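Please look through the model shown below. The paragraphs after it go from strand pairing to cores and then to backbone angles.

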Amino acid sequence: MPDLRVSLVQGETRWHDPEANRAYYGGLIAPLRGQTDLVVLPETFTSGFSNAAIARAEGMDGATVAWMRQQAATLGAAVAGSVQIRTEAGVFNRLLLATPDGALAHYDKRHLFTFAREHERYAPGRARVVVAWKGWRILLQVCYDLRFPVFSRNRFDPAHPGQADYDLALYVANWPSARAYAWQTLLRARAIENLCYVVGVNRVGTDGNGLHYRGDSAAIDVFGQPLVECGDAPAVVTATLSAADLLAHRQRFPALQDADRCVLVGAGEEPGDDAGATPAG
């Protein structure tokens, strides 16, 4: 398990303009070629967080999925970010993770933001998704999921004795400035309680609904301390996550073995099922 270089791309997403956003974010990440292992874009990075953007939701054969695969191949790194994706089952706020070999994993946002009536337009995801990349197990999560710790609860993986379900929890977001303290606090809480690294990538600027976003993207270590923080302006920063530090902390402080048994009913599990995660990638 080598160290993992993760690049946080905190941008000012253009409103309802997928073509402009692909060009904008493509320019931001181009210098990362050969310099990182994982590039993380914000939630709904092609449109901003908007119920009205559903009209331009793409399919999995659309331009944005193709663009992400191309970027991953060009950069030699995995590329992650969420997009509105239309399927036969409805439109999902879907976090995609493309790898340089052309593979694509995805997670559909489980907790829809009723405060903004997201649940009236989008379909909820069901399965919790953990992706394997560069020897790391990465939990994929989207924005509002951050407020629901049971869904992200780390446990020992029954299929891999002595190993946790995941090593890194990845959150992409459009988290408004009005609730910035909650964003900062909960990212740290998820890292501490789950004995894992956490990376949260938020946008900046003001969207078409007049909501302001101050970013505060961060990579958090297992103690809840920031490795990097992005502030309130557009930024691209790379943090190196130490595998040795992670494993040493888990051996020295094995709190996961004392955790209550969690059953993620509604996440692809039934009562009495210890499955815990849906592997992908």
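How many bridges join S7 to S8, and do these strands run parallel or antiparallel? Five bridges join them, and the direction is parallel. The model is predicted: local features need pLDDT of at least 70, side-chain atom pairs count only at pLDDT 80 or more, and totals for chains, interfaces and linings use all residues. Residues are numbered from 1 along each chain as its sequence is written, and side-chain values use heavy atoms, without hydrogens or water. Strands (E, at least two residues) and helices (H or I, at least four) are DSSP runs numbered from the N terminus, and two strands pair if DSSP finds at least two bridges between them.

Five of the five residues of S8 are buried, where buried means under 20% relative accessible area, exposed over 50%, and partly exposed in between (1.4 Å probe, protein chains only). In a regular strand the side chains alternate between the two faces of the sheet. In S8, Leu-168, Leu-170 and Val-172 point one way, while Ala-169 and Tyr-171 point the other way.

S8, H3 and S9 form a right-handed β-α-β unit; right-handed means that, with the strands pointing away from the viewer, the path from the first strand over the helix to the second runs clockwise. Helix H3 covers residues 180-194, and its 15 residues should span 21 Å at 1.5 Å a residue; the end C-alpha atoms are 22 Å apart, which agrees. The expected span is 1.5 Å times one less than the number of residues. Among the buried residues of H3 are Trp-183, Leu-187 and Arg-190. The buried residues of H3 pack against S8, S9, S11, S12, S13 and helix H4, contact being heavy atoms within 4.5 Å.

A mixed, open sheet has six strands in the order S5-S4-S3-S2-S1-S14. Its edge strands are S5 (104-108) and S14 (235-241), each pairing on one side only. The twist averages 30 degrees from one strand to the next. Seven bridges join S1 to S14 in antiparallel fashion, and Val-9 stands opposite Val-236. Helix H2 (residues 63-75) packs on this sheet, touching S2, S3, S4 and S5, and its direction makes about 170 degrees with that of S3. Axes are lines fitted to C-alpha atoms, for helices over the stretch in contact, with angles from 0 to 180 degrees between N-to-C directions.

A nonpolar core is a set of buried Ala, Val, Leu, Ile, Met, Phe, Trp, Tyr and Cys residues joined through side-chain atoms within 4.5 Å. The largest has 51 residues, of which Leu-38, Trp-136, Leu-140 and Leu-168 touch the most other members. Apart from this core lies another, of 19 residues, including Val-9 and Leu-41. Beyond its neighbours within four places in sequence, Leu-140 is in contact with residues including Leu-95, His-106 and Leu-170.

Most residues other than glycine have a negative phi. Lys-134, in the loop between S6 and S7, has a positive phi of about 55 degrees and is partly exposed at 39% relative accessibility. Cys-143, in the loop between S7 and S8, has a positive phi near 45 degrees but is buried, at 8%. Just after H3, Leu-195 also takes a positive phi, of about 50 degrees.
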